[in-house]
Amino acid sequence: MYDTIFKHLEEKVKLSPEEKELIKTFFKPKKLKKKQFVVVEGHVCNYLTFVSKGLLKAYNVDDKGNEHINQFSPEGWWTSDMSSFFSGGISFYSIDAMEDSEVLLITREDFENLTIEVPVMDRYFRLLFQNSLITKERRLISSHTHTAEEKYKHIVENNPDLIKRVPQNLLASYLGLSPETLSRLKKNIIFDQK
């Protein structure tokens, strides 16, 4: 379960064998069944979660029962309600498994201790959070300035695996589109490629 996280970490920082063993002590491995929650909207998010295997989604539900997808987290991705995790306030969205998954969980206290006891992890998380902020800013700009077709093409080019793993209605929610619009776009793009 730790191979995926170490591969991911070492893309940004170098780790000694001793640091790897120490890092393991801060995480709690957990297997999630499909639809099992990591956090439920309105509760405190107690974990920063690394996905070793499987697929998670972060979303909130409106008054009509519609899910609004914030993030999909496949293998090698982190997920959390960062505001809740760091502040101890309530979570604005739920996170659950879309597939049977294996995750590594770290509490806020262990996160703080990890960055002190393994200083290179402080640099790693700074880089991770910077990249996350950039990605969220780009997604916000895209939601206001790109056409539906541009949004879909972007996800096809940058995350083609998600297209195969995520149901169309959830992908549409993530892109801010209706399922009918997404279906029409997919047909047009397939037709254009012929």
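Modeller: Phe111, Leu114 and Thr115 are the buried residues of helix α4, which spans residues 108-117. Here buried means under 20% relative accessible area, exposed means over 50%, and partly exposed lies in between, with a 1.4 Å probe and protein chains only. Viewed down the axis of α4, the buried residues fall within an arc of 95°, so they line one face of the helix; the arc is that of the directions from the helix axis to the C-beta atoms. Glu109 and Ile116 are exposed, on the face of α4 turned away from the buried side. The buried residues of α4 pack against two kinds of element: the helices α2 (17-24), α3 (82-87) and α5 (120-145), and the strands β3 (48-53) and β8 (101-106). Contact is taken as heavy atoms within 4.5 Å.

Some conventions apply throughout. This is a predicted model, in which local features need pLDDT of at least 70 and side-chain atom pairs count only at pLDDT 80 or more, whereas totals for chains, interfaces and linings use all residues. Residues are numbered from 1 along each chain as its sequence is written, and side-chain values use heavy atoms, with hydrogens and water left out.

In the loop between α5 and α6 lies His146, which is partly exposed with a relative accessible area of 38%. Residues up to four places away in sequence aside, His146 touches Ile141 and Lys151. His146 and Asn158 are twelve residues apart along the chain, and their C-alpha atoms are separated by 16 Å. Lys151 is itself one of the buried residues of α6 (residues 148-158), together with Tyr152 and Ile155. Down the axis of α6, these buried residues also fall within an arc of 95°, so they line one face of that helix.

In helix α8 (residues 168-175), the buried residues are Leu170, Leu171, Ala172, Ser173 and Leu175. The relative accessibility of Ser173 is 17%, and the residue therefore counts as buried. Beyond residues up to four places away in sequence, Ser173 touches Glu67, His68 and Ile69. Ile69 is 104 residues from Ser173 in sequence, yet the two C-alpha atoms are 5.7 Å apart in space. Just after α8, Gly176 has a positive phi of about 75°.

Two loop residues complete the local picture. Gly76, in the loop between β5 (67-74) and β6 (78-79), is buried with a relative accessible area of 15%. With neighbours within four places in sequence set aside, Gly76 is in contact with Thr4, His8, Phe50 and Val51. Gly76 and Lys53 are 23 residues apart in sequence, with 7.8 Å between their C-alpha atoms. Lys35, in the loop between β1 (28-32) and β2 (37-39), is by contrast exposed, with a relative accessible area of 62%. The phi of Lys35 is near 75°, a positive value in a residue other than glycine.

These parts belong to a protein chain with nine helices and eight strands, where helices (H or I, at least four residues) and strands (E, at least two) are DSSP runs numbered from the N terminus. The radius of gyration of the chain is 18 Å, close to the 16 Å that the globule rule gives for 194 residues, so the chain is as compact as a globular protein of that length. That radius is taken over C-alpha atoms, and the globule rule is 2.2 Å times the number of residues to the power 0.38. Along the principal axes, the C-alpha atoms fill a box of roughly 55 × 40 × 30 Å.

Of the 194 residues, 39% are buried. Among contacts with a separation of 6 or more, 69% are between residues 24 or more positions apart. The accessible surface of the protein chain comes to about 11,300 Å², with 53% belonging to carbon and sulfur atoms; accessible areas come from the Shrake-Rupley method with a 1.4 Å probe, and for residues only the protein chains shown count as cover. Finally, the chain carries 28 positive and 28 negative side chains, and the centres of the two sets lie 5 Å apart. Lys and Arg count as positive and Asp and Glu as negative, while His and the chain ends are not counted; each charge is placed at NZ of Lys, CZ of Arg, CG of Asp or CD of Glu.
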